[in-house]
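Biologist: I would like to learn how to read a model like this one. Please show it, and then we can go through it feature by feature.

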4 protein chains.
Amino acid sequence: MTLGNTFGNIFRITTWGESHGPGIGVVVDGCPPRIAVSEKDIQFELNRRRPGQSKITTPRKEADVCRILSGVLNGKTLGTPIAVWVDNFDARSTDYQEIEKAYRPSHADYTTQMKYGIRDAAGGGRSSARETIGRVAAGAIAKNILNGHHIEVIAYVKRVYDIEAEVNVRSVRLRDVEKNIVRCPDPLAAQAMISTIEQMRAEGDSVGGVIEAVVRGVPVGLGSPVFSKLEADLAQGLLSLPASKGFEVGSGFSGTFMRGSEHNDVFEAKKGKISTRTNNSGGIQGGISNGENIVLRVAFKPTATILRSQETVTTKGKKTNLKPRGRHDPCVLPRAVPMVESMIRLVLVDHLLLHRAQTGEE
Amino acid sequence: MTLGNTFGNIFRITTWGESHGPGIGVVVDGCPPRIAVSEKDIQFELNRRRPGQSKITTPRKEADVCRILSGVLNGKTLGTPIAVWVDNFDARSTDYQEIEKAYRPSHADYTTQMKYGIRDAAGGGRSSARETIGRVAAGAIAKNILNGHHIEVIAYVKRVYDIEAEVNVRSVRLRDVEKNIVRCPDPLAAQAMISTIEQMRAEGDSVGGVIEAVVRGVPVGLGSPVFSKLEADLAQGLLSLPASKGFEVGSGFSGTFMRGSEHNDVFEAKKGKISTRTNNSGGIQGGISNGENIVLRVAFKPTATILRSQETVTTKGKKTNLKPRGRHDPCVLPRAVPMVESMIRLVLVDHLLLHRAQTGEE
Amino acid sequence: MTLGNTFGNIFRITTWGESHGPGIGVVVDGCPPRIAVSEKDIQFELNRRRPGQSKITTPRKEADVCRILSGVLNGKTLGTPIAVWVDNFDARSTDYQEIEKAYRPSHADYTTQMKYGIRDAAGGGRSSARETIGRVAAGAIAKNILNGHHIEVIAYVKRVYDIEAEVNVRSVRLRDVEKNIVRCPDPLAAQAMISTIEQMRAEGDSVGGVIEAVVRGVPVGLGSPVFSKLEADLAQGLLSLPASKGFEVGSGFSGTFMRGSEHNDVFEAKKGKISTRTNNSGGIQGGISNGENIVLRVAFKPTATILRSQETVTTKGKKTNLKPRGRHDPCVLPRAVPMVESMIRLVLVDHLLLHRAQTGEE
Amino acid sequence: MTLGNTFGNIFRITTWGESHGPGIGVVVDGCPPRIAVSEKDIQFELNRRRPGQSKITTPRKEADVCRILSGVLNGKTLGTPIAVWVDNFDARSTDYQEIEKAYRPSHADYTTQMKYGIRDAAGGGRSSARETIGRVAAGAIAKNILNGHHIEVIAYVKRVYDIEAEVNVRSVRLRDVEKNIVRCPDPLAAQAMISTIEQMRAEGDSVGGVIEAVVRGVPVGLGSPVFSKLEADLAQGLLSLPASKGFEVGSGFSGTFMRGSEHNDVFEAKKGKISTRTNNSGGIQGGISNGENIVLRVAFKPTATILRSQETVTTKGKKTNLKPRGRHDPCVLPRAVPMVESMIRLVLVDHLLLHRAQTGEE
């Protein structure tokens, strides 16, 4: 049922709001009743996403304070739609007057104008990463559901530009991720990443990289064999994040350099529990979770907004030069970590409920 | 509306059929009326997918002859559901008696059994690549619609194991792809790929690789800014193919090694037509097609079925060794080419109709 | 997710097939695994729907023998799509040559032609009641699921033209309904109805009437408070049956002649079990089942096909007279009984699974 | 795609908000771009729905002032989600303390509690008719789209209790409906209806009735032949309104007292335009609009809230008496008129877009 601004089948979220409009919001429908949910839970995740949180993120000043408007009574979900709203404060539409007249390279300005014949130029309107507030708020609700199933989702920055971190997917913890502003649990790599990002900002340039995520505690049986393969829905959710360009699960692209005899994950039985010796499958076989850790990676391109003069064309098709004055992130990855976690959680909760619907199993 | 065995929102396909049951089929709903469709068109694509087509594919003998059962009158679609059916002939359920008792490594046997508490062991049941007959048949119908919009989808084998082809996405033609049995338009690379695959078969082993696809002639405006980003729906479709482990569009993972100033695609205006100088975006910006070629890649793991003895466990959780006797492809890529094209076509037609629905534009 | 030829959200059916094409079929997706399903179960319901079953139905000769093509292994569902197929034998396309040239009054000929710019004139193509074979086959599968929950659906002819039956919704049994060819459990009324229908046939005319249905054993909690109200989904399903013109639940239209103080259903508690003294609500309050019997009624118009000369216009817009030669039912109600039951069952199973998905309760 | 709190397939609305929470809202997704939409347009319809508008409606004082929060720029839609919000002011949760302890007869209290294991007792929470604010706001946007297609939807009170109005569906105008507080265009009947409703209020009782609606200017071709029959989707939408118990289109239940030869609508051609002499079909044939006026009726039960002592049971299952102190409407029909219009408009716009998607026709 994912379509337009709605994501999910049973646990469904609908997001709304332009970057420089009155606010940003989300409606979560199909949530199980009697789940503990508070504004504090949601705020924790929104704070990890919000701009201005550190020297390596955009200086746009937004407290991003959330309000729950429906669906929760005395800290418990009612089973009715949960509406969450966040105000936009630091809107500076004047920053965007030039953008009304010319298309920023590798932004959505041109395609939006051509598709709809109209667009809200300020801050990219609906194509702004600000839209992800709704996803992260909904993801915080999903997190509380997953906690009840002892399912843990941890994402972190695996690589910035050419600096790659070493991370143990079995042991990495949230606190390791949150120890530094770049959200990389490898302290040495983190330091190098921060330097690189600061250098990019100084040069008015930007970099991309890779976010890796691990899901621990997944039961066997989530997903289904054909179009709703678990990895397919994860890919849909993650490729719908702004600036993402690639997705892989388990061995991914590098697994194509292995033979079948190396790649196959041998089954073992320990004390009656079946597991696999290796995990090239990344926790999913035939579209269905096999109980191992789900491991996936998402590639994010270098931020399109750079503070350098670039050639482009005006909306009238004339050659021009454009030097954006809007605030920007020289690297989206630190703030994308909670977005990645949220999309994974939304997919997992939806599949938990779908699995329960069809099979009656938790 | 993609859920379970249904894919798409307006142009929707539902596939059915087990590998060793009476047959495999698909129902296509929401197809525009008065589109020319024939069994010959569908057969052309099915023949590219069918087993036994060459020495490097599985020897299972299936003519895979299709019959259109509804929705077409005198060679034109009626706007009603189009049902297509293909018989299974060369079913050898006896080959699979061992599989009923033990789980094949990196197959769906274990997850299917655990999810449903029941499974059709013969040939992997619903998890068999045979299921993709329905997708390819539906993709052939989608192809006829895209032809009417001058949109051309070409996929080919870009890499097998460590042998990478050089292909020009602007000029590659179907006939170049079909010139050899591995479906790689670079003749030298093709030869090396075929040798590698033959060697793998001789060793009872398997390899994977990468399929690349290019879409030419896409209008500006397909896709939407949030969850139905064009690349997100493409990722969903392509990651739902058996054995796929990764997806990337445009610069993909390698684009993360570029700076924003290198990666951004500068707009140019030539004779009133806006285009981009480079195409790191892969034809999609902000989730919406920008009129450039869409370029994407899909990673396929080495085939899980290998004709070697492997450690595993029985359905009772006992250690055992298993040497599959079922027929297999030592490399799925040559037959996956029409599958990749089909999934892309299904996504594009659905987005063409969605775009027309919302904006009234073709 | 009901759209086009697909009905349901979790338990979803997709039907296909034209009246005079090779066959008619259905694909059932999302069915729970390990449900007992046999061709015999399906055939039982199809026999109640099939033409030629008695002197008061159309003489078209169809055995309507079903074949299960997928999704069932050794009499148990696999959790994969269940495809069911029925051949068309007694197709006489020549009967319909006149219909290609002129629009039958109150049929779908004109609207189909105008919508799609093409139509399959033979037997009404997709608008034929023959399409309901797929619904009834799927309904038989749903019946087996409901049996496991001790939920019983019984429909019967409540009124033909002006002959109304007296039926006790608490005690009526399937065997009472099947005692006569008109499917009315009131023997005296049944006799009069049969006479009326025979008279109509003799006069080349037709009649309509009302089917009533009762659902016993429904748990409290099916349905939801806003758009997926249980009665709303029932109305959708039942108004999608050919020739239906009205729907009501509980007191329905006649309840509008009561005051609130008369209409309200007082709650009572007996041995810890809460029930209502009256049942004007028809078993649904606020869109959710309350554990009482669900009682509903569907109005079916007199069959549009009558064997009399009627004024109409040709496809070129010229005045003409048309006397159909196709076979017809002088009254659709006896055969509509299993259709009504099937649509109710499909809605109930879908809501059982939706309820389980959101709340974890059976 | 109608599910839970979302209605529609292409033009989709999601409503949220409890009766006594901070507010009520709606998100409209899939709206075509460049449609003129203003808060004034929405307010006009909300004012027709709001409480306290006359002496025969509930005295709850709510201005129901709307704010558009997204999706509209300079009075034109952007093609992005349109969020509309209305504050709740006159919330008096103390009125509802008794309701927390006992179930009101024929309300959703009991079923909600049993389904979710939790409920917001104040004002009925999500089951309050206050939820329909979101529908009416969205319906006002749909109205502006329909205006562009010259499609006009007019609903009015056809009957209150046993007082039936005479109304000409071909000529009735909005101004006739709005001339009196009961929204009945027959002045004499209106007077009698008002008296009856006032008498009911005086007696602490309530009445129901029938709303009729006519749609003029519908093009041929909306709807489809099987599950998405236009009347089926209308029935779904209208039976999802609070207090509705029945739906009929065209001749409806009374048409079952006609013979086919009387009921069939003969086609005529006048100046090349095909129309029908009678309109027993109610503007829909085979699930598809035929260009005649769509005429339908909805039955609304007497309001469940009555200011009289009623027997009931407590949440602990004990016998008790309950005399509600909450404010109420002695008859919901006057305020239900804009709700009925809104649901019809939502269905029509969705089908206009679906038709355009599949056929390319406006």
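Biologist: How many helices and strands does chain A have?

Modeller: Helices (H or I, at least four residues) and strands (E, at least two) are DSSP runs, numbered from the N terminus. Chain A has nine helices and 18 strands. This is a predicted model, in which local features need pLDDT of at least 70 and side-chain atom pairs count only at pLDDT 80 or more, while totals for chains, interfaces and linings use all residues. Residues are numbered from 1 along each chain as its sequence is written, chains are lettered from A and ligands numbered from 1 in the order in which they are written, and side-chain values use heavy atoms, with hydrogens and water left out.

Biologist: What radius of gyration does chain A have?

Modeller: The radius is taken over C-alpha atoms, and the globule rule is 2.2 Å times the number of residues to the power 0.38. For 362 residues a compact globule would have a value near 21 Å, and chain A agrees, with 21 Å. Its C-alpha trace spans about 70 × 50 × 35 Å along the principal axes. Of the 362 residues in chain A, 72% are buried, where buried means under 20% relative accessible area, exposed over 50% and partly exposed in between (1.4 Å probe, protein chains only).

Biologist: In what order do the five strands of the open sheet in chain B lie?

Modeller: Two strands pair if DSSP finds at least two bridges between them. In chain B the order is β1-β2-β3-β7-β4, with antiparallel pairing. β1 (6–7) and β4 (66–68) of chain B are at the edges with a single partner strand each, so one side of each has no neighbour in the sheet. Six bridges join β3 (residues 23–29) of chain B to β7 (residues 82–87) of chain B, and Gly25(B) stands opposite Trp85(B).

Biologist: Which strands does helix α4 of chain B touch?

Modeller: Contact means heavy atoms within 4.5 Å. Helix α4 (residues 132–148) of chain B packs on the sheet and touches β2 (12–16), β3 and β7 of chain B.

Biologist: How is the area buried between chain B and chain A read, and what is its value?

Modeller: The size of an interface is often given as the accessible area lost when the parts come together. Here that loss (1.4 Å probe) is summed over both parts. Between chain B and chain A it is about 8,400 Å², with 60% from carbon and sulfur atoms. Lys115(B), Phe227(B) and Lys245(B) supply 11% of the area that chain B buries against chain A, more than any other three residues.

Conventions:
Axes are lines fitted to C-alpha atoms, for helices over the stretch in contact, and angles run from 0 to 180 degrees between N-to-C directions. Buried area is the accessible area (1.4 Å probe) that two parts lose on being put together, summed over both.
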